[in-house]
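Hi,

Here is the structure I said I'd pass on.

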Amino acid sequence: MKIGLLGYGVVGSGVGKIIDDGLTWEVRELEVARILVKDESELKDPRMTLSADEILNDPEIDVIVECMGGLEPAHTYVRKALENGKYVVTSNKKMLASYCSELFDIARKNNVTVHYEAACGGGIPWMASLDRTRRVDDIISFRGIFNGTTNYILERMSKEHSSFADKLKEAQELGYAERDPSDDIDGYDVRSKVSLSCVKAFDTVQNTEDITTFGIRTISEADLQYCEDHGLACKLLGNGEFHHSCISAYVIPVFLGKEDVFANIPLNFNAIESNSLTLGRAMFYGQGAGSLPTAHAVVQNIVDIWKNQDPEINDKFPVSIDNSRHEGCYYIRTGKPEFFLDAAAEWISDNTLLTKKMSLQKVAGMVEQADDETLFIAEVTA
Ligand code: HSE
């Protein structure tokens, strides 16, 4: 089966290597026929080209693999590939989360499918597990560490008492971070992954901007010291909860008890848990970022297409997000404590409080009103 590969960066080059190496008989059935690269300096292989049209219009190519990242031109190329009747595999969560409704419709009309295992959880078979679970069961909720960069930063900062900037630089050097690392540290990467998980888990396509999102950009050594003093670990978690008439969907740093399994997920690893009616809790753990683990997930999807094991893309339902359904207690450090007087259950210092139990929607409203760019918020679950 012939593949057109769009993008030859961290993930694309990993896909090329796995397929060219052909360790298994399934992978030896695949062939990377053409590769789109960005500029002339990258033209190092006869299969490489600077023309996307040459690949997208090539009748011999069955599958387009998009590993370019970013919204455009990735979105336009994927749309064109589907219109040309080609299957698509993408690792690009930001693009797919933004355009999945449109792209799934085009795929359905052209009798092809869109696959995105690598877009969510890197090398972990999380999307495939949701597909399998949903064949038999209803998913009640999911939660997880979906971002390797922030997990790496939080773990290294806690263990080494080192600075945020140093650890972000390391994560970039290791190839974990997004092209724009704001997507990692502000929680937007996890937001896209939560959105795609909602597609599989709850059959609903969401506007990603409706997913309440807090990141770790403003975390300080004082916040991590609080965790250390109280036997807690800080992790950035993505969450989805099904309430029949609506769902909750949110991204937030969480202070977890050290006994919580998520507290002990190291480095760039991801861990995601689903809870469903008959299976109960099931957890998936593995490398959530990096070249070969992510490329592994892409190649798994290509093999699925080759074996004709396409997951059906069911019709999606317009279920709204209602985060008043999720309640918790929150740690808030802010330069504007006067905005949180009504919410406080306990003041840790002049500018840091623990809230009473309250809805996420309410606390998010207070944070928005305070409009404090130094504010750090975490849910405390221990
Ligand atoms: N920047 C992402 C992460 C890459 O750190 O998890 C994988 O999606």
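This is a predicted model: local features need pLDDT of at least 70, side-chain atom pairs count only at pLDDT 80 or more; totals for chains, interfaces and linings use all residues.

Residues are numbered from 1 along each chain as its sequence is written, and side-chain values use heavy atoms, with hydrogens and water left out.

**The two domains**

The protein chain is assigned domain 1 (2-115) and domain 2 (127-287 + 319-380); such bounds come from an automatic or database domain assignment. Their C-alpha centres are 31 Å apart. Domain 1 puts 11 residues into the contact and domain 2 puts in 13, where contact means heavy atoms within 4.5 Å.

About 880 Å² is buried between domain 1 and domain 2, with carbon and sulfur atoms giving 63% of that. (Buried area is the accessible area, with a 1.4 Å probe, that two parts lose on being put together, summed over both.) On the domain 1 side, K93, K94 and A97 lose the most area to domain 2, together 54% of what that side buries.

There are three salt bridges between domain 1 and domain 2. By salt bridge I mean a side-chain nitrogen of Lys or Arg within 4 Å of a carboxyl oxygen of Asp or Glu. K93 forms a salt bridge with D189, with 3.3 Å between the closest N and O atoms.

**Around the ligand**

Which residues come nearest to the ligand? Of the 13 around it, they are K93, G148, T149, Y176 and E178, counting a residue as near if one of its heavy atoms lies within 4 Å. A backbone N or O atom of G148 is 2.7 Å from an oxygen atom of the ligand. A polar backbone atom of Y176 lies 2.7 Å from a ligand nitrogen atom, and an N or O atom in the side chain of E178 lies 2.6 Å from a ligand nitrogen atom.

**Other bits to look at**

The structure holds 26 salt bridges. One of them pairs E273 with R143, the closest N and O atoms being 3.5 Å apart. E273 sits in strand β11 (residues 269-276) and R143 in strand β7 (residues 139-145), so this pair ties together parts that are 130 residues apart in sequence.

Two backbone spots are worth a click. The peptide bond from E72 to P73 is cis, with omega near 5°, and P73 is in the loop between β4 (63-66) and α4 (74-83). N111 has a positive phi, near 60°, and is found in the loop between α5 and β6 (114-115). Most residues other than glycine have a negative phi, and most peptide bonds are trans.

Cheers

Technical notes:
A polar contact is a pair of N or O atoms within 3.5 Å; within protein, one must be able to donate a hydrogen and the other to accept it, and residues adjacent in sequence count only if both atoms are side-chain atoms. Helices (H or I, at least four residues) and strands (E, at least two) are DSSP runs, numbered from the N terminus.
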